[in-house]
Amino acid sequence: MHRPILRSLRHSLVERVPRDHRDTPAGLRRRQVVCVLTVLVGAVTLAWSLRIEPGNPLFYPATSALAAVWTVGAFASGQLHLGRIGDVPRRPVWPPIALGLALAGVFVVGALVVREIPFLADRTQDVLEYADEGPLALLVVITAVNGIGEELFFRGAVYAAIPRHPVVWTTLAYVLATTVTGNPMLSFAALLLGVVVGLQRRASGGVLAPILTHITWSLAMLLALPLVV
């Protein structure tokens, strides 16, 4: 039982599938410029969207605009790849979903501790207020679309734009973009999630695994966290 799990984790987070996705020097410079501009626009849009009062109809177009910023920036930067994992390389599907559920479980357990600390509980509640407003189906769609956009950009475009230590730098960029919201709980979540999906990107060489893990984690948190905080 333990061996298949460990093997799946090794393929998902550690072992790198051989590939050659390097940009030309000119392509790399272009990708880097596009990434810097997109981070600046995305950070401002993110801060705006999370400063909108819960229940305000502007919240939905604001979050949709944020997803559009990440997605357009990602594809404008250059070619993106889906990636593969395993001894016989294949598209990563079920392992990333399982990893997203496991990561969500860790956060739910952490939430049981956080709710006993007033300051942190209040910061968590600030985020959850948005889940209490509007149709659940719409929130699910927005959450999924934003998760896809973030991974296309941070683990797709930004990762490919950084020649050295891309897991570290993409995680820091992701945390920095989230820090502008002023919510330390979001920044902490971005740090942990960023490390996991960054390792997935390094192992698989593509964005499919990070996207699936991010979406699974985000939707699980959207549905489960209000029950425990």
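Analyst: Helices H6 and H9 cross in a right-handed sense. This is a predicted model, in which local features need pLDDT of at least 70 and side-chain atom pairs count only at pLDDT 80 or more, while totals for chains, interfaces and linings use all residues. Numbering starts from 1 along each chain as its sequence is written, and side-chain values use heavy atoms, without hydrogens and water.

User: Which residues of H9 meet H6?

Analyst: They are Pro210, Ile211, His214, Ile215, Ser218, Leu219, Leu222 and Leu223, where contact means heavy atoms within 4.5 Å. Asp, Glu, Lys and Arg count as charged; Ala, Val, Leu, Ile, Met, Phe, Trp, Tyr, Cys and Pro as nonpolar; the others, Gly among them, as polar.

User: Why is H7 called roughly antiparallel to H8?

Analyst: H7 and H8 pack at an angle of about 150°, with axes 8 Å apart. Roughly antiparallel requires an angle over 145 degrees, so H7 qualifies against H8. H7 passes H8 in a right-handed crossing. The H7 side of the contact includes Val167, Thr171 and Tyr174, and by class the contact has nine nonpolar, six polar and one charged residues.

User: How do you know that H3 is roughly parallel to H6?

Analyst: The axes of H3 (residues 59-77) and H6 cross at roughly 25° and come within 8 Å. Roughly parallel covers angles under 35 degrees, so H3 is roughly parallel to H6. The H3 and H6 crossing is left-handed. Among the residues meeting here are Phe59, Trp70 and Phe75 in H3 and Ile142, Phe153 and Phe154 in H6. By class, that contact has 15 nonpolar, six polar and one charged residues.

User: How many residues line the second largest pocket, and which lie nearest its centre?

Analyst: There are 29 lining residues, with Arg22, Tyr159, Ala160, Ile162 and Arg201 nearest the centre. The elements giving two or more residues to this lining are H2 (25-50), H6 (136-161), H7 (166-179) and H8 (184-204). By class, the lining has 13 nonpolar, eight polar and eight charged residues.

Methods. 1 Å grid on protein atoms, 1.4 Å probe; cavity = no way out; pocket = protein on both sides within 12 Å on 5 of 7 lines; lining within 4 Å. Helix = DSSP H or I, 4+ residues; strand = E, 2+ residues; numbered from the N terminus. Axes fitted to C-alpha atoms, helices over the stretch in contact; angles between N-to-C directions. Parallel < 35°, antiparallel > 145°, perpendicular 65-115°, else oblique. Left-handed = near helix turned anticlockwise from the far one by under 90°.
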